[in-house]
Amino acid sequence: MLQDIFPYQFNNSYTRCFPTDNSMIFMECAGQFLLSPIKEPESYLPTYAELPDTLKIKVMQYLFTIDNQTVFWLALDQTVFLSIGWKACPITISIKGAPVWMPLAVTTAAQLVRWYQNHIFCGRCGRKLIHSTTERAMECPSCRIIEYPKIAPVVIVAVVHEGKLLMTHYADRNIKPYVLIAGFVEIGESLEEAAQREVMEEVGLKIKALKYFGSQPWGLSDSLATGFFATVEYETPIILEYEELADARWFTPQDLPYELDNGSLTAAMIEAFRDRMYEPKI
């Protein structure tokens, strides 16, 4: 999955530091970032040493490290971004020729960038926030409120019945393949309650015997996804929520589609069912 980057290690501990020649730079503008011009055809983040001299500023926002290599954020306006002439890539988790750690690094960098961009001013008093000197946080110098990066919990549910897996197709999103039922956890809900609600809302089925499969950070939506397998409590027709879904159908392990291969928890759960690595409890 996305976070499985062995033998590399991802370290998001916050520190105050400055870039060195070996530091990697996440150069971002309007949902795109720049790849190194030197390491083609492989895809890497550029190092500080590779930057044009005009961009070699010492004050950059530290993000995290991959092994012992620090990663910094350099925000660029569109004119400068385009003028550099390097290859631009959209922030997705599929980057051809990239090392195994790149998808996690890029999506997490984008998540942190969005958080910094959305927390410039205090939501309580309107004063400009300042960076904490000790932790990953923004502080208000006036009312002392402290803002930390927010992570939204998401549940993904693989519903199984009589050896078949329920998969759905979104009605209004640019997502081609069939996927599993998923949704954000609401205030006051447990993960299990959210899973039961989402299944009932989207396909009108009542589920039981929830079994934890795994979890995954998903920086594209600022979320942490938790996956469950479950069985239906009793057999009833599917009642589709047409505002969100265009279709829902049951698949056997033999006729599951092969369209989803993006390192996601959803893809891992589908493959676990395909390989019969999950045996539902009745």
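**Exercise 1.** Classify Lys39 as buried, partly exposed or exposed from its relative accessibility, and then determine which side chain meets that of Lys39 in a salt bridge.

*Solution.* The classes are set on relative accessible area, with buried under 20%, exposed over 50% and partly exposed in between, using a 1.4 Å probe and protein chains only. Lys39 has a relative accessibility of 29%, so Lys39 counts as partly exposed. This is a predicted model, in which local features need pLDDT of at least 70 and side-chain atom pairs count only at pLDDT 80 or more, whereas totals for chains, interfaces and linings use all residues. Residues are numbered from 1 along each chain as its sequence is written, and side-chain values use heavy atoms, with hydrogens and water left out.

The next step is the partner. A salt bridge here is a side-chain nitrogen of Lys or Arg within 4 Å of a carboxyl oxygen of Asp or Glu, and the side chain of Lys39 meets that of Glu50 at 3.1 Å, N to O. Both residues lie in the loop between β3 and β4, so the pair ties together parts that are 11 residues apart in sequence. Glu50, at a relative accessible area of 14%, is buried.

**Exercise 2.** Work out which parts the salt bridge between Lys206 and Glu233 ties together, and state how many salt bridges the whole structure holds.

*Solution.* Begin with the distance, which is 4.0 Å from N to O. Lys206 is in the loop between α3 and β13 and Glu233 in the loop between β14 and β15, so this pair links parts 27 residues apart in sequence. Lys206 is partly exposed at 42% relative accessibility, and Glu233 is also partly exposed, at 35%. A search of the whole structure gives 10 salt bridges.

**Exercise 3.** Determine how many residues helix α3 has, and which of its residues are buried.

*Solution.* Helix α3 (residues 191–203) has 13 residues and reaches 18 Å from its first C-alpha to its last, close to the 18 Å expected at 1.5 Å a residue, where the expected span is 1.5 Å times one less than the number of residues. The buried residues of α3 are Ala194, Ala195, Arg197, Glu198, Val199, Glu202 and Val203. What covers them includes β10 (152–161), β11 (164–170) and β13 (207–218). Just after α3, Gly204 takes a positive phi of about 70°.

How values were computed: Helix = DSSP H or I, 4+ residues; strand = E, 2+ residues; numbered from the N terminus. Contact = heavy atoms within 4.5 Å.
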